[in-house]
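Colleague: Hi, could you walk me through this one? I'm new to it.

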There are 2 protein chains.
Amino acid sequence: MKKKCIVLLSGGLDSTTCLAVAKSQDYDCYTLAIDYGQRHRSELLSSQRVSEYFNANDHKVINIDLRAIGGSALTADIEVPDHDVNKESEIPVTYVPARNTMFMSIALGYAETIGANDMFIGVNAVDYSGYPDCRKEFIQAYEKMANLATKAQVEGQKFTIHTPLIDLTKAEIIKLGVELGVDYGITVSCYNADEDGQACGVCDSCYYRKQGFKDANVKDPTRYLHD
Amino acid sequence: MKKKCIVLLSGGLDSTTCLAVAKSQDYDCYTLAIDYGQRHRSELLSSQRVSEYFNANDHKVINIDLRAIGGSALTADIEVPDHDVNKESEIPVTYVPARNTMFMSIALGYAETIGANDMFIGVNAVDYSGYPDCRKEFIQAYEKMANLATKAQVEGQKFTIHTPLIDLTKAEIIKLGVELGVDYGITVSCYNADEDGQACGVCDSCYYRKQGFKDANVKDPTRYLHD
């Protein structure tokens, strides 16, 4: 019997590649998307599409109303700014407080429910160096906590958090995905994407995505509103 | 200026006492209730009532749909059993996978948004010895992870998780609450409580509550359906 894993899947470039990695390691993949009231609703459609593309065992969407908290351009009435090369070392206004902590906790609850002891998350410490919850030391501390948190773990099963992209540049992620058969045309990364998945071309997320394809020397299939 | 704290408040006996402790330590208290689709909806009303009783600075309810995950008698169509003294060492079917991990993660996100570095949670390792996420070693690992998870913490602010009830018996919690002015008549612990807050009298939660008042030698103000 194959091992089950949860894959946190936003349907963007990173999480899609992460799912491709999990599939290549012969897991039964249960994809999990979080509807947290994010302004870019099209990522939920993309997530569903990507899960089907990779024949995941199941796709689940969990609702959590982070608009009731706010505090981010993705969950409050704050405008998403264009990418600014002078601000690359700052934590951007699109940062959602404790987002990965929350999403991994929901994934942990789901994992215990279906009997999975593995979780894949596409965090990346290279392009998003400003996000505290994308760093290795955070993931390690989280894994340690997770192994004390649940019934399954207390009963002796080891819970593992897989972060196959954590040390890769965007270009390396794209090359890996292409090798594993990812069609990036069905993924959406843009913070301002419209319902058809058309990207704005100027937000941080579009900036890193464009640059990644250029650096990887791979044709970018994304439809950008602004080049 | 007073320090701000988040208090996870279900409106039950433990979390209400925990709020009383936070108030007595002169914090500005922001109470947080989680609507996770729990079968005992009256705890959400109780939580609101208790928050007002203690003049909290704000009361927030965050929705997260754990019914989409299931796996517990509180979130799926599984019956809540009567308390069984022969099963006190087992993890009961009312256990919700990773619940405290999830709730603390939501509280962490809320804390960062309002600039709080303290969280109070009424976990208790004595009566709920079977719950992995009520133990000290779990809380310690969680706190360590939290201090790596957020922007505020990375910028040098220490995040502290307060568990003032963790070593107390139910009777000791009740005595402490009475000292601090808690009116337990407005709290609801029962897993089967009706909308008026009347308790069943026979579930695990009612069992420990009844026993606690008896042991504390304090008159129990709870309205039980079955004595």
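Modeller: Let's start with some ground rules and then go through your questions.

Modeller: This is a predicted model, where local features need pLDDT of at least 70 and side-chain atom pairs count only at pLDDT 80 or more, while totals for chains, interfaces and linings use all residues. Residues are numbered from 1 along each chain as its sequence is written, and chains are lettered from A and ligands numbered from 1 in the order in which they are written.

Colleague: Switching to helices: how do α3(A) and α3(B) run relative to each other?

Modeller: Their axes come within 9 Å and cross at roughly 170°. Axes are lines fitted to C-alpha atoms, for helices over the stretch in contact, with angles from 0 to 180 degrees between N-to-C directions. The two helices are therefore roughly antiparallel (the word for angles over 145 degrees). Helices here are DSSP runs (H or I, at least four residues), as are strands (E, at least two), numbered from the N terminus.

Colleague: Which residues meet there?

Modeller: Among them are A:Thr101, A:Met102 and A:Ser105 in α3(A), and B:Ile106, B:Leu108 and B:Gly109 in α3(B). Contact means C-beta atoms, placed from the backbone, within 7 Å. By class, that contact has six nonpolar, six polar and no charged residues. Nonpolar is Ala, Val, Leu, Ile, Met, Phe, Trp, Tyr, Cys and Pro; charged is Asp, Glu, Lys and Arg; the others, Gly among them, are polar.

Colleague: Is A:Ala98 buried or exposed?

Modeller: Buried, with 30 other C-beta atoms within 10 Å. The cut-offs are 20 or more for buried, 12 or fewer for exposed, and partly exposed in between, with C-beta atoms placed from the backbone.

Colleague: And B:Asn55, buried or exposed?

Modeller: B:Asn55 is exposed, with 8 other C-beta atoms within 10 Å. B:Asn55 also has a positive phi, of about 50°, and lies in the loop between α2 (42–53) and β3 (58–63) of chain B.

Terms used: Parallel < 35°, antiparallel > 145°, perpendicular 65-115°, else oblique. Contact = placed C-beta atoms within 7 Å.
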